[in-house]
Structure formats: structure tokens, C-alpha cells
Amino acid sequence: MQIYNTMTRRKSELAPIEPGKIRMYVCGMTVYDYCHLGHARVMVAFDVITRWLRQTGLDVTYVRNITDIDDKILKRAEENGESITALTHRMVEAMHEDEGRLGVLRPDREPRATEHVADILAMIERLIGNGYAYAADNGDVYYRVRHFEGYGKLNNRNLDEMRAGARVDVDSHKEDPLDFVLWKAAKPGEASWPSPWGEGRPGWHIECSAMSTCCLGDTFDIHGGGPDLTFPHHENEIAQSEAATGETYVNTWMHAGAVRVNHEKMSKSLGNFFTIRDVLEVHDPEVVRYLLISSHYRSPINYAPESLDEARRSLERFYHALDGIPAVEGDVQGAYAERFSAAMNDDFNTPEALAVLFDLVREINRLREADPARAGAMGQELKRLANVLGLLERSPEAFLKAGAASLPLDEAEIEGRIEARNEAKRARDFAEADRIRDELAALGVVLKDSREGTRWSFEPTA
């Protein structure tokens, strides 16, 4: 299995630290608001990665943290007039609902920053003890960036270039503008914890260093996250962790691509910012999931009406292929599974894996009339491979008729119109049969005739 490593900028063979086992940490959400499409991309990307690693027989321990103390959380709780605990509990519950609807399996562990304050304090004290950190006279604790020889290696950045671009705060208590905070002194009335340097709370970067090493050890196999985290967050994690432990922090760094909306960066200022639940109010969750895996996990993905329409049409092709064929087990040409495995083993190449599924669909459609049993066996293979990607886990009928509840006709009335069309055809009144078909098509009800009768599906009209 070849995986692209952000650190080395090349693909290399996955070599687990412990044979047969993978320890993976992914930076999770700061729970002050609902999750957005960028979060969905990371959730789904690492869900697919975890599914495939397990499919190959590896024992995966997947850890994704929750940041439940942060400046944004403090501000939002104050704006809402609610406690930090109430806000973060509500947002975590919403996050779990969103990922559940997208078919994302829960991580094995979800450590919270507030549960690891003691571990964070211990790591900070270790960094102070070995000269990598210092307590300022304002109650903050900072990391000495220039003391860590490898700083900038993940992003290939030069310290002097970073120093030239840094803004110098004349009131700063830092020894160097590049230094970053490990512990923040609390302002009056803020949530805080006792520490050797006074009441305060952890800096964002140190939280992940403490939680990941506590859950997975000083060195683990894979660290993942969104595209915006490579600098400074992951760079700072490396500096903190390796200075504290003296060990290589992570063997393979993986980062998902960004989500763009109509080819523009998603942002509230542009008015193109969408939460997951906003999107799922309008679009089928499986269609959204398909869109998110239709591009390679490292590539940017464009969220637009036409891309969602294409994703839906692709899923309809899959479900139509499965609709009406027998669910039978049988020997299936192994080349499909081999090609699928080769694609996924090549840095989780989901576009190539989906191409294999389309080839299966074409073969199913070719065989469905001539050899229904063979088509059924290939349909089971289609489902098995698609399930690895978190797709085709519903019945064809459930997907193809989803959304029909919004129609002015209920299911019984649709079936009545279909029977009236069949009667018109038997009477050779083809004009009436076509009129009924066109009437239903205008509502998005698509009819499909076969030897077994007429089946229908709902395909929303533009």
C-alpha cells in the first residue's frame, strides 16, 4: 500500500510500527458552531481511509479529538448567554448527527481537550525543563521556536523567511515573534484551570500533542487533518511533541483537499458558506458523500449544483443496475476486485475505484436480461465493493424513491397512474400511455419497463 506523505512530498509504502496494527490521529473539530462542508470532506476522507485499512486486515485505532476549550468557544458562549459546557455538548451532539447522516463511522476514541489538562500541563513542564519553553511574566507560557532545529520541515519553510513576515507586537512578552503560546493566562471571569504559572487554559497546538501521544504513544503511524492545518498547527505539534519526547512524532502525514464552492474559496464573507446540515436539508446524504469521494482525497473539490447533479446521476446508475436483479452469490471475475484493491492501495484513489464500479454496472446491465443469475452475482460484488466506500448501503427502492414524499401524488396514486398507462398500452392507446408517462416525468417520476413489469424512481427535476 502506497500513501502520499506530506512531510516527504512523495508516496511510500505503508510500514506499520507494530505489524498488523495502525495508530492514526486526525485533528477534529473546535465545537463552537455547526460543522461545515470542509469538515465533511475531512470526516468522509478519513472514514474511507479507515474503512480500507481495516478491509485489508489491519487493526486500526482511529483517534479524532474534540477541541472543547478555545477563544472562539468562549466568545460564542458569551454571545449566546449559555455555559461553555452547554454549548460544546450541543455542538458535539450536532456533529455526531451530521456524520451519522453522511455514513461516517465514529472514531475509536474522541478525546476532549478539557479531559487532558493534566497531560497538557505535564508536557508543558517537560518543555520548560528542557529549555524549549519559558514562562512569561504575564502568566503565559511560550514555545521557543528557534530552539527546535527542525522547525518548518513539514511545510519546507525557512525560519528567517518566517521571521521577516512576522508582525512584531511591541507589547509582546515573547522572546521572539515566532514563539507561540502553550498556556494562556485567564482573563477575569474566563474558564480556567490552575497551573504552576497561574490560572489559565491550554493553547490550541499543545492540546493535540498531549491528546495524540496520550492515546497513541510518542510515535504513531498516521496523522491527518484538513489542508489549512499544515501551518502553523501541525508544524507546532511536531515541534512540541518531538522536543518533549525526543522521538519522531509521526511517520506519515496526510492532508485532505479543500472544498471550493462554485470554484471560489468557501467563506462567510463571500456568502457561500454552508454547514453540513444546511446541505443535507436539500440534498440526499449519500449524494453528498459520493461527491466528496469522487475526487482524490488530496485534491480540491468543487461544490456546485452541477457537481451534485452529476453525483446523483452516478448513484442512480448504480442503484438502477441493482434494481430488479436477484441477490445471488456466485463466482465473479476477480479482475474487478483486483483493480479496485489496486486503486485503493495507490494512496486511496477513490476516482479509480469508482471507475471499477462503473465497469461492473455496465456488465450487469449487459447481462440482466440474458443471464439474470450472473447479473445478480455481479450486483452483489458491486454492493460489496461500494460498501467499502460507504455507498449503496440502502435498497434500490429506498434510494430511487427517496424524496417522492414531496410530490403531490402519494405512492398509491403513482402506482394507479402506472396501471392506467398499462391498460392504455393493452388497448393500444399509445397516445394516452405517452401522456401519462410525460405527466409523471414532469413531476420527476421516471418509469422503467421490463419483462417483470414497470418500476418507477424519483429523479428531482431541475
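Helices (H or I, at least four residues) and strands (E, at least two) are taken as DSSP runs and numbered from the N terminus. The structure is a predicted model, in which local features need pLDDT of at least 70 and side-chain atom pairs count only at pLDDT 80 or more, while totals for chains, interfaces and linings use all residues. Residues are numbered from 1 along each chain as its sequence is written, and side-chain values use heavy atoms, with hydrogens and water left out.

The structure contains 2 cavities of 30 Å³ or more. A cavity is a set of points, on a 1 Å grid over the protein atoms alone, where a 1.4 Å probe fits but cannot get out, and lining residues have an atom within 4 Å of a point. Grid points are joined across faces, edges and corners, and the volume is the space filled by probe spheres set on the points.

The largest cavity has a volume of about 70 Å³. Its lining consists of Arg41, Ala45, Val48, Ile49, Leu292, Ile293, Ser295, Tyr297, Phe348 and Thr350. Both α1 (37-55) and α9 (285-293) supply at least two residues each to this lining, with α1 giving the most, 4 residues. By class, the lining of the largest cavity comprises 7 nonpolar, 2 polar and 1 charged residues, where Ala, Val, Leu, Ile, Met, Phe, Trp, Tyr, Cys and Pro count as nonpolar, Asp, Glu, Lys and Arg as charged, and the others, Gly among them, as polar.

For the second largest cavity, the volume is about 40 Å³. Asp47, Thr50, Arg51, Arg54, Tyr62, Leu105 and Arg106 form its lining. Here too α1 gives the most, with 4 residues. The lining of the second largest cavity divides into 2 nonpolar, 1 polar and 4 charged residues.

Technical notes
1 Å grid on protein atoms, 1.4 Å probe; cavity = no way out; pocket = protein on both sides within 12 Å on 5 of 7 lines; lining within 4 Å.
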